[in-house]
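This briefing accompanies the structure shown below and is arranged by topic. Please read it alongside the sequence and the model.

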Amino acid sequence: MGFSQDDCASAIAITEGIYTVDAIDGTEVPSPICAANGGGATAGEWYTYTAQENLGLTITTDLSQNQNQDPQADTRFHVYTGTCGDLVCRSGDDDAGTGFLSIAQFNVEAGTTYYIAFDNKWNSSGFDFQIIEGAVIAEPETIITFTSTGSETDGTQRALVDMNGDYLDDIVSISTTNVNIRYQQTSGDFTTANIETTSAENSPSWSLSAGDIDGNGYNDLLYGGASGVTFMIANDTGTGFSQISGSEYVFSQRSNFVDINNDGHLDAFVCHDVEPNVYYINDGNGNLTFNQGGLGDTVNGGNYGSIWIDYDNDRDMDLFIAKCRGGNSGANINQLHENDGSGNFTEVSTAMNLADPVQTWSSAWGDFDNDGDMDAFIGASSFTNGGHKFMRNDESTFTDVITGTGLENFEDTDIEYVTHDFDNNGYLDIYSGSGNFFFNNGDMTFTQQIVNFGAGPIGDLNNDGFLDILSGNIYMNDGNDNNWLKITTEGVQSNWNGIGARIEIQSAMGSQMRDIRSGDGFRYMSSLNAHFGIGTDTEIESVTIYWPSGIVDTILNPTINETLFVQEGQTLSIKDNSALQLNLYPNPTHQYLYVEGLQNDTKNTSLQIVDVQGKQVNNVRLNSNRVDVSQLSNGIYFATITINNQSQTLKFVKD
């Protein structure tokens with residue numbers, strides 16, 4: 001049958017069977033958005049289905065006649081309950097079928113009318129779809145519910161991140177000549193600003209990242225486009241942006257802000273799809289120098305999902321690259337680049353058992369078992385070269401432990417995989433853009449919950465301590481009774497955002513940790529605040545922040561269910577001042593450590609050494625520039641040299 005209607009009010013009633021959509025050219029665009037990948041459609045076609053009994057319903061465009069189209073059909077649909085003008089999402093899908101085709105399964109109730117609307121998000125060409133009735137579907141346990149509200153955004157939704165320096169997550173949407181920001185208010189409302197820009201040479205069609213590269217207190221934006229990279233630099237009031245676009249060809253994928261050389265200034269990194277990766281080194285004076293090579297040098301690229309994490313607990317940021325490319329070109333082998341702390345990187349994926357050919361666009365890194373190191377869920381975008389991997393960090397290697405976790409039963413694929421603690425039970429969960437939550441039970445097993453929305457940026461949009469998602473609409477996390485702590489960071493010697501800092505908390509349930517990072521998943525920019533759930537624990541004993549500079553701040557007994565603001569060095573009694581221009585050698589050292597740059601008179605000079613756990617292991621008054629460290633165990637340490645109430649912290653290795 002080849003009929004449909006162009007708006008909700010005149011939608012055609014259908015039953016079980018196959019139907020043809022000649023073209024998507026209806027006047028009413030489906031709203032709200034119930035499937036992945038946000039707005040952008042300009043037309044829709046509408047149907048209704050009324051259930052005669054309780055049953056399971058399948059709506060699918062994954063049919064042979066659509067698969068064999070040239071080009072293959074690219075469909076998206078939304079399913080609602082309610083009435084026209086007051087519709088509520090029930091289901092929907094974009095790409096869960098073969099290629100870019102769509103399929104969704106859900107339960108329907110007798111007597112309820114469901115509105116089915118196709119849109120032209122990707123194209124307006126015709127296709128067939130099928131309605132299949134079946135047995136009631138056993139639905140997974142509901143752990144967290146979400147309430148859908150309109151987002152009222154203008155442009156392509158890309159970020160939930162603070163844009164005005166108040167540490168509340170704002171909604172950021174982008175168009176060629178505009179940055180649309182909905183500023184979160186302490187009252188729970190939003191105020192909207194449209195900030196005009198010069199016409200961006202590159203749009204964030206592939207990714208967006210945020211960070212303050214000039215240290216003025218306002219986040220700048222990186223647009224990762226199909227042909228190049230554009231930076232939008234916020235002015236000193238956060239009310240305007242200046243564009244910087246490079247002339248270099250970059251087929252951008254995931255982008256990040258990170259201090260690559262640990263000089264206190266944020267640099268930028270961009271995955272390149274068809275060439276070696278690129279990065280931009282910040283000299284601290286507003287100049288970004290383009291570099292290519294040294295951080296993923298596969299000639300034909302295949303670089304999709306970069307994420308910066310401290311996998312080896314040595315207090316610097318390492319780089320994992322999720323790679324995707326068909327065939328045996330080598331461009332599909334995932335990479336791990338280990339940072340030696342001085343901006344030198346070594347590719348160690350083979351040694352760490354992470355050189356896997358699985359086709360993946362992103363990976364979710366976090367301490368899933370709360371044992372003090374970063375594990376990884378490597379999410380497949382296709383099962384052509386293998387399936388999902390759940391890699392436990394065993395210090396000297398990573399081990400795939402997916403069997404028995406519940407994750408091995410996950411048969412969907414997607415390009416977006418992230419980890420956050422959505423139910424605040426103190427254990428990191430996994431979210432896939434295909435609408436699948438995997439809630440961590442605390443014993444390295446996971447409970448699946450399916451939702452009717454897709455991927456998007458993640459942040460706390462009502463400041464209640466529970467993480468929300470922007471995916472067309474705002475999906476507010478309804479929360480539970482679990483307790484939490486949100487931590488915001490401001491660097492002084494380190495970069496202003498504190499990107500690259502490691503935060504660890506200690507409570508009755510044990511320890512947890514987060515890395516502050518710009519850019520996870522594949523496309524979106526999520527909050528720069530660190531969120532911790534602590535379940536039923538009623539207090540947190542300590543919060544320790546290891547800053548990129550080497551400074552360590554410890555806060556004891558913070559108030560829970562609130563936001564804790566920490567400025568770098570606030571718990572130190574002295575001012576850390578890198579202007580001292582000191583250095584340590586030899587590094588690594590076996591017996592003696594020398595301090596280079598001291599004056600002949602070492603009066604009023606002291607040296608404190610702490611280990612990577614923040615524990616003081618030595619504190620001496622210097623009589624010369626030499627310190628005996630032979631009694632220390634092998635490992636990484638931080639030495640703080642203090643001269644007349646000024647100090648500098650430096651890292652060294654004892655071997």
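Asn 561 is placed in the loop between strand 43 (552–556) and strand 44 (563–567), where strands are DSSP runs of E of at least two residues, numbered from the N terminus. The phi angle of Asn 561 is near 55°, a positive value in a residue other than glycine, and Asn 561 is partly exposed, with a relative accessible area of 32% (buried means under 20%, exposed over 50% and partly exposed in between, with a 1.4 Å probe and protein chains only).

The model is predicted, so that local features need pLDDT of at least 70 and side-chain atom pairs count only at pLDDT 80 or more, while totals for chains, interfaces and linings use all residues. Residues are numbered from 1 along each chain as its sequence is written, and side-chain values use heavy atoms, with hydrogens and water left out.

**Backbone features**

- Most residues other than glycine have a negative phi, and most peptide bonds are trans.
- Glu 152 also has a positive phi, near 55°, and lies in the loop between strand 10 (146–149) and strand 11 (156–161), where Glu 152 is exposed, with a relative accessible area of 62%.
- Ser 31 and Pro 32 are joined by a cis peptide bond with omega of about 5°, and Pro 32 sits in the loop between strand 2 (17–23) and strand 3 (44–50).
- Another cis peptide bond runs from Tyr 585 to Pro 586, with omega near -15°, and Pro 586 belongs to the loop between strand 46 and strand 47 (592–596).
- Gln 608, in strand 48 (residues 605–611), is partly exposed, with a relative accessible area of 28%, and its C-alpha atom is separated by 5.7 Å from that of Asn 618, 10 residues apart along the chain.

**Domains**

- The domain assignment, whose bounds come from an automatic or database source, gives domain 1 (8–134), domain 2 (196–477), domain 3 (485–567) and domain 4 (583–654).
- The C-alpha centres of domain 2 and domain 3 lie 19 Å apart, and 59 residues of domain 2 are in contact with 37 residues of domain 3, contact meaning heavy atoms within 4.5 Å.

**Cavities**

- Across the whole structure, a search finds 5 cavities of 30 Å³ or more; on a 1 Å grid over the protein atoms alone, a cavity is a set of points where a 1.4 Å probe fits but cannot get out, and lining residues have an atom within 4 Å of a point.
- The largest cavity holds about 320 Å³ of space, a volume being the space filled by probe spheres set on grid points that are joined across faces, edges and corners.
- Of the 25 residues lining the largest cavity, His 420, Arg 514, Asp 515, Arg 517 and Asn 529 lie nearest its centre.
- Strand 40 (510–515) is among the strands that each supply at least two residues of this lining, and strand 40 gives the most, with 3 residues.
- The lining of the largest cavity divides into 10 nonpolar, 9 polar and 6 charged residues, where Ala, Val, Leu, Ile, Met, Phe, Trp, Tyr, Cys and Pro count as nonpolar, Asp, Glu, Lys and Arg as charged, and the others, Gly among them, as polar.
- Domain 2 and domain 3 each provide at least three residues of the lining of the largest cavity.

**Second largest pocket**

- The second largest pocket has a volume of about 710 Å³, a pocket being an open set of points with protein on both sides within 12 Å along at least five of seven lines.
- Its lining has 32 residues, of which Asn 262, Gly 341, Ser 342, Leu 650 and Lys 651 are the closest to its centre.
- Strand 52 gives the most to the lining of the second largest pocket, with 6 residues, and that lining has 9 nonpolar, 15 polar and 8 charged residues.

Notes:
Helices (H or I, at least four residues) and strands (E, at least two) are DSSP runs, numbered from the N terminus.
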